[in-house]
Amino acid sequence: MTQAVDAVEAAAIALGQGAWTPRGEEQAMGGMFLSHRDALEPRRLPDMPASRDPQGWVSQHVLWLEDVAALAASVRDQWYAHLPTSHMTALISAYADQAAVAVPLADRLRASWDAERPDSLSQEQVTWWEQWHVPAAERQQLDAVTHRLIVIGSVVVAAVTGAWSGGRS
């Protein structure tokens, strides 16, 4: 028997072993979260030009994390009374908590941008500004947060779509 180290692993193991088959409200909760998450538009700091990089600016990702943390917390709070002990509630809660790690950074970036906005808003100046305000070590932490969100999100998708059911219904 596999031992889970956290709620995300517990949900993944339960799905994989067929001990948890999300239905009805759980699928609705997860589906609602996923559809709203996927509809979140990336935000830029005020007057920041669009990035030439298809992934956007680092600050855009940080602001998206802030938005998705609020969204996940809202979905969790909305559904908690109906599904207090559900793996789905635990997954959405884990997503909210993980994304919320970026909220203080989003606050700091907004304050720094307001105080130290580059005179020239060229791609090069904005890139320099971001490198200065989000150093490599902090970017690595963001990468780790993002990786964990991908894992959690994958379990939510599998639970909503039945991808791990292996043909069981």
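Leaving aside neighbours within four places in sequence, which residues is Phe33 in contact with? I looked up Val68, Leu71, Ala72, Val75, Ile92 and Tyr95. Contact means heavy atoms within 4.5 Å.

**Ground rules.** I noted that this is a predicted model: local features need pLDDT of at least 70, side-chain atom pairs count only at pLDDT 80 or more, and totals for chains, interfaces and linings use all residues. Residues are numbered from 1 along each chain as its sequence is written, and side-chain values use heavy atoms, leaving out hydrogens and water.

**Core.** I turned to the largest nonpolar core, which has 47 residues. Such a core is a set of buried Ala, Val, Leu, Ile, Met, Phe, Trp, Tyr and Cys residues joined through side-chain atoms within 4.5 Å. Buried means under 20% relative accessible area, exposed over 50%, partly exposed in between (1.4 Å probe, protein chains only). Phe33 and Leu91 have the most contacts inside this core. Helix α3 gives the most to it, twelve residues.

**Aromatic pairs.** I found three. Rings of Phe, Tyr and Trp (its six-membered ring) pair if their centres lie within 6.5 Å; planes under 30 degrees apart count as stacked, over 60 as edge-to-face, the rest as tilted.

Phe33 and Tyr95 have ring centres 4.9 Å apart and planes at 70 degrees, so this pair is edge-to-face. Phe33 lies in α2 and Tyr95 in α4, so the pair ties together parts 62 residues apart in sequence. Helices here are DSSP runs (H or I, at least four residues), numbered from the N terminus. Both residues, Phe33 and Tyr95, are buried.

Trp128 and Trp132 have centres 6.1 Å apart and planes at 15 degrees, so I logged them as stacked. Trp128 is partly exposed at 48%; Trp132 is exposed at 58%.

Definitions and conventions. Helices (H or I, at least four residues) and strands (E, at least two) are DSSP runs, numbered from the N terminus.
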